[in-house]
Amino acid sequence: MADTFDLTVIGSGPGGYVAAIRAAQLGMKVAVVEKWPTFGGTCLNIGCIPSKALLHASELFEEAGHSFRTLGIDVSPQLNLKQMMVHKDETVTANVMGIEFLFKKNKITAFRGIGSIGAPGRVLVTPEKGQGQIIETRNIVIASGSVSVNLPGIEIDEEKVVTSTGALTLKEVPKRLLVIGAGIIGLELGSVWSRLGAKVTVVEFLDRIIPGADSEVARQMQRMLQKQGLEFKLSTKVKSIDKQEDGTLTARLEPAAGGDMELAEFDVALVAVGRKPFTEGLGLEIVGVALDERGRIRTDAHFKTSVEGIHAIGDVITGPMLAHKAEDEGIAVAEIIAGQAGHVNYGVIPSVMYTSPEVAWVGKSEDELKAEGVDYKVGKFPFTANGRAKAMLATLGFVKVLADVATDRVLGAQIVSKNAGEMIHEIAVLMEFSGSAEDLARTTHAHPTLSEAVREAALMCGDGAIHI
Ligand code: FAD
Ligand code: NAD
């Protein structure tokens, strides 16, 4: 009989592959089951990594056509979309091969095929071709991730009507792109195609963009994106999309609250209305793993499902659908299975939207603090007053630090700016140590850096900033 594994992980996305590596580091004999041809899950294959490759390339294309001239660089950029896609694909390949290397380095056994749980301690692997295999295992971690949500009556073909997956592989720049949903996927991928020349219309059901982000940030960001050419139709829903013979799409738009319908024509439509947990084929109903009302696997604070010996992490359980949240749960669950005290601090998980400027936030928003009745103070500093930002032509945006009035403890922060996604981490570290705005303000920040704006915002929570 084959050896028994200490842990079998189903799914090799950021949750699964990190859990496997951490468990191997802790001395466990680990197996991973993956149904796709490459490791890395949504994030590396069709999510974070390819989208950031296109965001980076399209941002430089846009800058080359606009701000380069001011910097004394005269160029006339020509778009080579085929090469941009090659760059994206090579980036994905390098990353997914990296996971293969890490599995080998950590002596993790990889099985290719659909993993289903026959009983606690038994995982059946069904490959696309050939014989299935049974893995005997002491523990199971489900990290099967999520898939795009579709809208009723709208058929996805991944060419004309696409999810994020199709939007990452368009063969030409659509003249008119309809984006349904002003969440992070809609705004990141809408930005990519807008920079490359598409007229982008974003239709959002709610009366605001980026739900979940601080509402002041969302308002300011909407204005900036409008200046970049994105058009927003808020409080509006898409009822249907009809494909004409010549390929034109006719979308029927209606006010969210009901009312007169409007017809609008597009070349491509991106459906970006959220993602849902993926549990198909896992055999959960057979072993009795319970789901919640939204189809997520129900877990306790230690990632245990309703069945002993079966844990779950990442997009398939509750919480924000973010790669780093899945990764941290992967580390924590491996440590818990090893008998250690694995833990994730959900109060300090940064979020980043990689538009231009970037939007990053951590901890509480002002809306949340107001709703909770917390007595808070706001320190805000604009990048127009930051020397480095002026030199980089990156004066759009601001830093907002939110601190408790009585204790000065930092409760949250929002940054809108170039590189906001890098800068947010000093506030995350500060919050992990329960630091105060004064701690941040008294920490020397190198000059000239964009990060000085973070310190100045912290100073604004006290006697005031120096440079404004
Ligand atoms: P996934 O990455 O979804 O991986 C699940 C894996 O399990 C897949 O490989 C799947 O094939 C496999 N699987 C499922 N069922 C089985 C089975 N029965 N047997 C075998 N294998 C199975 N997050 C960020 O933090 N930053 C970003 O910039 C970002 N950008 C994104 C951009 C896009 C376009 C999208 C779609 C998502 C983005 N995300 C981003 C979200 C991020 O991708 C997810 O939060 C993350 O991938 C979740 O990790 P996971 O391990 O839970 O699941
Ligand atoms: P989302 O939930 O962030 O946004 C979906 C948007 O669609 C919401 O604003 C919602 O109000 C709107 N919507 C829903 N139904 C609608 C309808 N019928 N008509 C019009 N609008 C409608 O989802 P997403 O942008 O698809 O992203 C999915 C997940 O992937 C999110 O959890 C996100 O955090 C994650 N993600 C993260 C990153 C990142 O961290 N940079 C990037 C991409 C995706």
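Guide: Gladly! Keep in mind that this is a predicted model. Let us begin with helix 7, where Gly186, Leu187, Glu188, Leu189, Gly190, Ser191, Val192, Trp193, Ser194 and Arg195 are buried.

Visitor: What should helix 7 span, going by its number of residues?

Guide: First, the general idea: an α-helix has 3.6 residues a turn, so residues three or four places apart point the same way. For the span, count 1.5 Å a residue, using one less than the number of residues. Helix 7 covers residues 184-195 and should therefore span 16 Å, which agrees with the 16 Å between its end C-alpha atoms. Just after helix 7, glycine 197 has a positive phi of about 125°.

Visitor: Now the ligand. Which residues are the closest to ligand 1?

Guide: Of the 39 residues that surround ligand 1, the closest are Glu34, Thr42, Lys52, Gly115 and Ala323. By element, helix 2 gives the most to this shell, with 4 residues.

Visitor: Where are the polar contacts of ligand 1?

Guide: An oxygen atom of ligand 1 lies 2.6 Å from a side-chain N or O atom of lysine 52. A nitrogen atom of the ligand is 2.8 Å from a polar backbone atom of glycine 115. The side chain of histidine 324 has an N or O atom 3.3 Å from a ligand oxygen. On its own, ligand 1 has 1000 Å² of accessible area, and the protein covers 95% of that.

Note on methods: Residues numbered from 1 in each chain as written. Chains lettered and ligands numbered in written order. Predicted model: local features only at pLDDT ≥ 70, side-chain atom pairs only at ≥ 80, totals over all residues. Heavy atoms only, no water. Helix = DSSP H or I, 4+ residues; strand = E, 2+ residues; numbered from the N terminus. Buried < 20%, exposed > 50% of the residue type's maximum accessible area, 1.4 Å probe, protein only. Near = heavy atom within 4 Å. Polar contact = N/O pair within 3.5 Å; in protein donor to acceptor, adjacent residues only side chain to side chain. Areas by Shrake-Rupley, 256 points an atom, 1.4 Å probe, with all protein chains shown as cover.
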